[in-house]
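Please examine the structure shown below.

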Amino acid sequence: MTTAQFDCQYCTASLLGKKYVLKDDNAYCVSCYDRIFSNYCEECKEPIESYCKDLCYKGLHWHERCFNCAKCNHSLVEKPFAAKNERLLCSECYSNECSSKCFHCKKTIMPGSRKMEFKGHSWHETCFVCEYCRQPIGTKPLISNDSGNYCVPCFEKEFAHYCSFCKKVITSGGITFRNQPWHKECFLCSGCRKELCEEEFMSRDDYPFCLDCYNHHYAKKCAACSKPITGLRGAKFICFQDRQWHSECFNCRKCSVSLVGEGFLTQNQEIFCRKCGSGVDTDI
């Protein structure tokens with residue numbers, strides 16, 4: 001570049017003996033350069049002049065003096081920071097405002113540190129421990145109850161019941177029959193082997209049976225309707241000699257009046273009320 005050509009690319013003023021800025025091999029006086037090329041500060045909205053340090057983050061620009069935490073106003077220059085809703089925050093303010101609190105120690109879980117989450121709560125990795133052995137659970141299988149979280153070995157040692165059928169640990173749910181615990185999927189009819197956990201059932205010699213199997217193999221039959229007598233839900237039945245009746249079936253053979261709690265007469269396996277039975281040869 002010759003002396004004659006050493007002028008500002010924009011205003012053509014001579015740059016001899018003056019400060020200037022080179023951009024794309026072109027020289028500009030400081031005033032023109034700042035007016036044309038300067039970025040504007042996100043904080044103060046003023047241009048960032050050529051003699052100032054221009055701090056850039058995600059395409060946005062700040063004066064060095066304006067690059068501060070949006071909450072505590074401390075400088076973020078050469079310090080760790082984080083962005084939240086287009087606001088820049090120092091690590092401490094970000095943690096206090098945005099980070100999760102540990103469910104155990106109630107302290108902030110700092111950004112960058114490992115966080116464990118379970119049932120809607122957060123823990124420091126070192127706070128998420130088994131209630132019994134106090135060892136970190138991490139990502140290992142766990143079992144939770146009202147008293148806390150447990151690693152599987154400790155839970156089995158302290159709380160678990162063992163299924164009466166398969167002898168394995170019952171980790172959740174289960175049912176009790178004859179004071180013994182069972183997995184739901186192990187509690188089966190002793191006859192047809194179908195699951196009974198959602199079914200009505202009867203027992204015989206301490207073995208559970210579905211109603212169909214019990215009725216087929218063991219239930220007494222009503223002398224009147226010939227249907228099984230189960231006694232379910234407190235249903236009452238009548239026994240006389242070696243015969244049984246549903247309460248609603250224990251009626252006079254002739255007039256059908258109920259004989260429950262009443263005197264009755266019998267003849268040839270039939271039962272009669274006293275009035276109807278008085279005209280036939282009967283046994284009392």
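In this predicted model, the count of salt bridges comes to six. One of them joins the side chains of Glu 117 and Lys 115, with 3.2 Å from N to O. Glu 117 counts as exposed because its relative accessibility is 58%, over the 50% cut-off. Lys 115, at 36%, is partly exposed.

Another salt bridge brings together Asp 206 and Arg 178, at 3.3 Å from N to O. This pair links distant parts of the chain, 28 residues apart: Asp 206 sits in the loop between strands E15 (201-204) and E16 (207-210), and Arg 178 in the loop between strands E13 (175-177) and E14 (180-182). Asp 206 is exposed at 53% relative accessibility, whereas Arg 178 is partly exposed at 48%.

A further salt bridge is formed by the side chains of Arg 253 and Glu 270, 3.2 Å from N to O. Arg 253 belongs to the loop between strands E20 (243-246) and E21 (265-267) and Glu 270 to strand E22 (270-272), so the pair ties together parts 17 residues apart in sequence. Glu 270 is partly exposed, with a relative accessible area of 31%.

The protein chain as a whole contains five helices and 22 strands. Its radius of gyration is 45 Å, well over the 19 Å that the globule rule gives for 284 residues, so the chain is more spread out than a compact globule. The C-alpha atoms fill a box of roughly 150 × 45 × 35 Å along the principal axes. Buried residues make up 32% of the chain. Helix H1 (30-37) includes buried Cys 32, Tyr 33 and Asp 34, and its buried residues pack against strands E1 (20-23) and E2 (26-29).

Terms used:
Residues are numbered from 1 along each chain as its sequence is written. This is a predicted model: local features need pLDDT of at least 70, side-chain atom pairs count only at pLDDT 80 or more; totals for chains, interfaces and linings use all residues. Side-chain values use heavy atoms; hydrogens and water are left out. Helices (H or I, at least four residues) and strands (E, at least two) are DSSP runs, numbered from the N terminus. The radius of gyration is taken over C-alpha atoms; the globule rule is 2.2 Å times the number of residues to the power 0.38. Buried means under 20% relative accessible area, exposed over 50%, partly exposed in between (1.4 Å probe, protein chains only). Contact means heavy atoms within 4.5 Å. A salt bridge is a side-chain nitrogen of Lys or Arg within 4 Å of a carboxyl oxygen of Asp or Glu.
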